[in-house]
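Hi,

Here is the structure I promised to pass on. Have a look at it first, and then read my notes below.

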Amino acid sequence: MNIVETNLNLGQMSYGNNPQEITVHHAESSHCSIEDINSWHKENGWAGVGYHYFVRKDGSIYKGRPDNAIGAHCQGNNTNTLGVCFEGSYNTETMPEVQLNAGKELITYLKDKYGISCVSRHKDHMSTDCPGNNFPWNELISGGSYNPEVAVSSTQNNSDNWVSRLQEECNVQGFSNQVVDGIPGPNTLNGCPTMRQGAQGNITRLLQEKLVSLGFDTNGVDGIFGNGTDYAVRAFQGRCGLIADGIVGPNTWTKLLGL
Ligand SMILES: [Zn+2]
């Protein structure tokens, strides 16, 4: 399973979401991207996309809000749920098999990750027909399997703003003299210093920002590598199958950069 990381320029969000339930939606739009949804939700006056994940008809999965950010998808239930939205308008359409299978993988993965047993539809919580009368609900919750090697990759055709800022900062601090192109590669990796608890500064801040965007709570994005960041690094390392030692060296940077 591959979850595509996005670069959505989300506004100020509230954190502290404690996922105990997954709530599914349809986009009620036959063809849309997560960027479309992000701009629609911004028009609502929200920070951006209200969902945590978006599953497209081609089976690709996109990251929306960080998992620990409070969502904007199910009024009254946004502080303890993960919102998963499916591209399509499932009052009239039929879900493609590849999208259904991707949804099953994602749901199974999230249930395992957070120990969640409850999966619901938007309409189970409030008066709406979301995710649509044709939504293959029973099939979706019948279970699935996923590849535990979760690769979070950057969107290919868009240079990544976070990578650019990291490249720039590594140059400024003298760790590298690389082209700032937003595209992670060997030079980016070589320019990333090994970091551990006690580090401070802009690279620590970028590390924290990345961990938070991946759903790991660093207890603040303050540029200080303290207990919270150490805990988040170890959790991230554990999820990636690395030794959870809290030391951000080449192996951990490789995963953070999506290489
Ligand atoms: Zn909905």
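Let's start with Asn-219, which is found in the loop between helix 7 and helix 8. (Helices, H or I with at least four residues, and strands, E with at least two, are DSSP runs numbered from the N terminus.) Before we go on, this is a predicted model, where local features need pLDDT of at least 70, side-chain atom pairs count only at pLDDT 80 or more, and totals for chains, interfaces and linings use all residues. Residues are numbered from 1 along each chain as its sequence is written, and side-chain values use heavy atoms, with hydrogens and water left out.

Back to Asn-219: its phi is near 60°, a positive value in a residue other than glycine. Is Asn-219 buried or exposed? It counts as exposed, because its relative accessibility is 63%. (Buried means under 20% relative accessible area, exposed means over 50%, and partly exposed is in between, using a 1.4 Å probe and protein chains only.) Asn-9 also has a positive phi, about 50°, although it is not a glycine. You'll find Asn-9 in the loop between strand 1 (2–5) and strand 2, and at 57% relative accessibility it counts as exposed.

Now the overall picture. The chain has nine helices and seven strands, and its C-alpha trace spans about 60 × 35 × 35 Å along the principal axes. Of the contacts (heavy atoms within 4.5 Å) between residues at least 6 apart in sequence, 66% join residues at least 24 apart.

Next, the inside. In soluble globular proteins, nonpolar side chains tend to be buried together. A nonpolar core here is a set of buried Ala, Val, Leu, Ile, Met, Phe, Trp, Tyr and Cys residues joined through side-chain atoms within 4.5 Å. The largest core has 23 residues, and Val-24, Val-84, Phe-86 and Leu-106 have the most contacts inside it. Strand 2 (21–26), strand 3 (53–55), strand 5, helix 2 and helix 4 each supply at least two of its residues. Which element gives the most to this core? That's helix 2, with six residues. A second, separate core of 21 residues includes Cys-192, Phe-216, Phe-225 and Phe-236.

(The expected span is 1.5 Å times one less than the number of residues.) Its buried residues include Leu-100, Leu-106, Ile-107 and Leu-110. Just after the helix, Gly-115 takes a positive phi of about 65°. Val-84 touches Leu-106 and Leu-110, among others, not counting residues up to four places away in sequence.

On to the aromatics. How many aromatic pairs does a search of the whole structure find? There are three. (Rings of Phe, Tyr and Trp, the last by its six-membered ring, pair if their centres lie within 6.5 Å; planes under 30 degrees apart are stacked, over 60 edge-to-face, and the rest tilted.) Tyr-90 and Phe-135 are edge-to-face, because their ring centres are 6.2 Å apart and their planes are at 70°. This pair links distant parts of the chain, 45 residues apart. Both Tyr-90 and Phe-135 are buried. Phe-216 and Phe-236 also pair edge-to-face, at 5.7 Å centre to centre with 85° between the planes. Phe-216 lies in the loop between helix 7 (202–213) and helix 8 (227–239) and Phe-236 in helix 8, so this pair ties together parts that are 20 residues apart in sequence. Phe-86, Tyr-90 and Phe-135 form one aromatic cluster.

The charged end of Lys-63 sits over the ring of Tyr-53, 4.0 Å from its centre, and that of Lys-210 over the ring of Trp-162, 4.5 Å from its centre. (This needs NZ of Lys or CZ of Arg within 6 Å of the ring centre and within 35 degrees of the ring normal.)

Last stop: His-122 in helix 3. His-122 is buried, with a relative accessible area of 13%, and its contacts include His-25, His-73, Cys-74, Cys-130 and Pro-131. The peptide bond from Cys-130 to Pro-131 is cis, with omega near 10°.

Cheers
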